[in-house]
Amino acid sequence: MTTQQPSASKKSAASAKSGTGAGNTGAGNTTVSGGATGVDQPAATRGRTSIADVVVVKIAGMAAREIPGVYDMGGGFSRTFGAVRDRVPGGRPNVGRGVKVEVGERQTAIDLDLVVEYGVPITDVARDVRENVIAAVERITGLEVVEVNIDVDDVHLIEDDATGSAAAEPRVE
């Protein structure tokens, strides 16, 4: 499951995300609109709309990856596991890697683990990621994003892309 329990700091920032509110339908789904029933109601309001937590995870992951300077997402182990998974025939990249969300009735909080390119200003990349993620999630889901916490776990160096020739060359002759 892609949700996590609220930390103490998030409880005060978004108290509506307890996971037990009337809008939470269980199993990681959040009801965005309750809707009405009956033929006398406008067509647009007949029925309810619910959004699974994984939807918010994917939207946030895609929006974060759109920003120049973001090389990858996720911690070391999840990146390693993801690289193996991506090479398996029929395997698909996991756009939700490095993304954790808490979704309440009308609000969501998002945590992102990023790997940035060497040389880019980390604060600028974090600001741009935060703005893009908030805009995408709010526009697509209608949920209010109360916070986007960003952890920069690593810096990608160009030498990391070398085919191993630098590591194979002896340092002394």
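Modeller: Let's start at valine 137, which touches Val56, Ile59, Ala60, Thr108, Ile110, Gly142, Leu143 and Val145, leaving aside residues up to four places away in sequence; contact here means heavy atoms within 4.5 Å. The model is predicted, so local features need pLDDT of at least 70 and side-chain atom pairs count only at pLDDT 80 or more, while totals for chains, interfaces and linings use all residues. Residues are numbered from 1 along each chain as its sequence is written, and side-chain values use heavy atoms, without hydrogens and water.

Val137 belongs to the largest nonpolar core, which has 27 residues. Such a core is a set of buried Ala, Val, Leu, Ile, Met, Phe, Trp, Tyr and Cys residues joined through side-chain atoms within 4.5 Å. Buried means under 20% relative accessible area, exposed over 50%, and partly exposed in between (1.4 Å probe, protein chains only). Val137 is among the members that touch the most others, as are Val56, Val99 and Ile110. Elements giving two or more residues to this core include α4 (122-141), β4 (70-73), β5 (99-103) and β6 (107-117). Helices (H or I, at least four residues) and strands (E, at least two) are DSSP runs, numbered from the N terminus.

In a salt bridge, a side-chain nitrogen of Lys or Arg lies within 4 Å of a carboxyl oxygen of Asp or Glu. Aspartate 113 pairs this way with lysine 100, at 3.8 Å between the closest N and O atoms. Aspartate 113 is buried at 13%, whereas lysine 100 is partly exposed at 34%.
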